[in-house]
Amino acid sequence: MRIADTSDLWWKQAVVYCVDIERFLDTDGNGTGDIAGLAERVDYLAELGVTCLWLMPFYPTPNRDDGYDVQDFYGIDHRLGSFGDLVELVRTAQDRGLRVIADLVVNHTSDQHPWFQAARSSTDNPFRDYYVWRAEEPPDTSEKAVFPDKEDSIWTRDDVTGQWYLHRFYRHQPDLNLANPKVRDEIAKVVGFWLHLGLDGFRVDGIPQLLTLSQGDDFENQGGFTDPHGFLRSLRKFMNRRNGRAALLGEVNLPYQQQLELFGTDDAGELTMIFDFVAMQNLYLSLARQDAGPLATALRNRPRIPQDAQWANFVRNHDELTLDQLSESERQEVFAAFGPEEGMQIYGRGLRRRLPPMLEGDEQRIRMVYSLLFSLPGTPVVYYGEEIGMGENLAVEGRMAVRTPMQWTSGRNGGFSAADPEALSAPVVEGEFGPANVNVAAARRAPDSLLNFVTHLARRYRECSELAWGGVEILDQPRPEVLAHRCSWEGSSIVALHNLGASPTKVPLRLPDEEEGAELVDLLADGTCALDGDSAVELGLEGYGYRWLRVRRPHGPGTLPDVMTTVAGSGGGSGGG
């Protein structure tokens with residue numbers, strides 16, 4: 001592996017950690033997490049193996065959509081801290097070798113943003129065209145609303161001028177008019193501003209809504225936003241002129257072909273990384289069926305992407321666990337398995353639950369899923385609290401069920417805040433997955449904890465460049481409940497097996513392109529096994545078992561130091577003999 005490549009293209013082999021600052025750690029006792037609290041926990045994240053922090057919105061906001069209703073793109077929400085606090089956080093993170101990216105909300109603003117306040121004042125205001133308006137009453141657009149339980153149209157009449165403004169999300173989030181060059185210039189200024197303060201890139205919110213703007217059906221008066229790809233290319237070029245190593249991570253819940261278009265080309269890049277929603281949704285279908293087939297099919301269908309681009313793999317994020325890339329019958333299978341109660345579902349398209357409760361706290365099965373996350377080709381993204389097995393709070397409305405305070409200790413408010421419980425920015429999870437049973441302090445003391453296991457996975461992932469840089473090959477074998485895949489890069493290979501079924505099994509594998517005398521070295525536990533004269537081997541897996549195996553050849557790539565085969569007190573097991 002060329003060190004220059006792995007350094008310059010850091011996102012190819014990063015471990016990304018999504019942080020909701022407001023619910024991570026409160027240092028001033030007002031019930032709201034703050035930037036200073038996150039800075040205090042940077043060493044914890046570095047020990048976990050995180051190499052990139054993704055910050056959810058920290059901008060000034062009326063807070064009607066958990067910060068995604070931005071009132072000022074150039075500010076810091078006073079509840080979370082100051083510019084000085086943010087600069088200190090970035091400096092601390094960089095000192096520990098972590099990069100920091102932040103949410104970039106380009107689709108809309110808050111209706112309290114000065115641009116919109118000016119735009120709504122009159123039809124000839126200079127800021128009028130920063131948003132999308134129409135004079136005629138709109139047709140029925142209820143099917144286009146992103147939040148159908150809250151909005152029955154994507155147009156709302158403004159009383160000041162009597163015209164309607166566009167909002168794909170909530171009515172208090174008017175859509176920006178990206179067909180206006182001034183708006184695109186403003187977004188570039190925002191990007192340049194935060195890069196200058198030390199950020200290393202952005203997670204771009206709402207990319208599918210960007211693409212629907214280009215269709216022109218709602219934009220006949222403005223001529224439509226006809227070139228979203230050109231906008232992303234120019235934004236990427238501008239960003240990389242300011243910081244050549246900065247990355248754009250896109251939220252793109254679309255079929256693979258449309259995702260591929262958003263990567264651009266080697267010569268004209270757009271998004272640097274894209275979340276693989278297709279694989280994620282098929283993972284849950286595979287878990288529901290205890291059949292690896294849907295996930296294997298998704299991975300086989302992954303298109304080839306530019307060399308400097310990357311897939312971002314995830315099990316959970318801060319929104320609903322969307323399932324809208326599945327068919328209706330497939331979605332119902334997942335609902336039946338993991339969200340059978342109506343209150344566990346949301347918008348008829350997803351779940352508002354975290355993984356551990358969905359798997360009924362089955363430790364072995366949970367570990368198998370996270371082993372799979374880190375071994376899939378691409379960059380793993382971890383949502384805060386996943387590393388300790390936090391659950392959701394279904395008593396909280398909507399998507400906020402999974403945005404609960406981080407559980408640091410078993411004490412008051414889970415160690416998140418010294419404030420009275422009713423003053424917290426969100427209630428702490430109660431019951432089996434609450435702080436009494438799930439917290440960082442206890443996990444650190446337990447060698448076999450999920451925290452130590454995830455730490456071990458992150459370390460192994462960082463040692464296995466094949467998983468980040470190599471292509472994926474689904475290996476033929478007769479067990480439908482098992483996913484067996486191989487990632488190869490520069491002559492070296494990793495083979496990973498995951499049993500999505502509850503029963504132990506033996507998996508016969510054949511690697512016909514491997515030379516005689518090659519061995520498979522366990523990377524999550526001690527042990528080796530040799531390929532026979534036919535380049536075949538039979539591997540055992542426990543129920544919900546998992547194994548990572550490096551192909552070690554008598555000569556050349558794959559011959560590695562013994563440190564690669566030693567479990568360094570992580571508590572992580574292979575799940576099979």
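**Burial and salt bridges**

Modeller: At 23% relative accessibility, Asp308 counts as partly exposed. As to the basis, this is a predicted model in which local features need pLDDT of at least 70 and side-chain atom pairs count only at pLDDT 80 or more, while totals for chains, interfaces and linings use all residues. Residues are numbered from 1 along each chain as its sequence is written, and side-chain values use heavy atoms, leaving out hydrogens and water.

Biologist: Why is Asp308 called partly exposed?

Modeller: Buried means under 20% relative accessible area and exposed over 50%, with partly exposed in between (1.4 Å probe, protein chains only). Asp308 has 23%, so the residue is partly exposed.

Biologist: What makes Arg236 buried?

Modeller: Its relative accessible area is 7%, which is under 20%, and therefore Arg236 is buried.

Biologist: How do you know that the side chains of Arg236 and Asp308 meet in a salt bridge?

Modeller: A salt bridge requires a side-chain nitrogen of Lys or Arg within 4 Å of a carboxyl oxygen of Asp or Glu. For Arg236 and Asp308 the N to O value is 3.5 Å, so the pair qualifies.

Biologist: What makes Arg23 and Asp20 a salt bridge?

Modeller: Their closest N and O atoms are 2.6 Å apart, and this is within 4 Å, so the term applies. Arg23 counts as buried because its relative accessibility is 2%, and Asp20 counts as buried at 4%.
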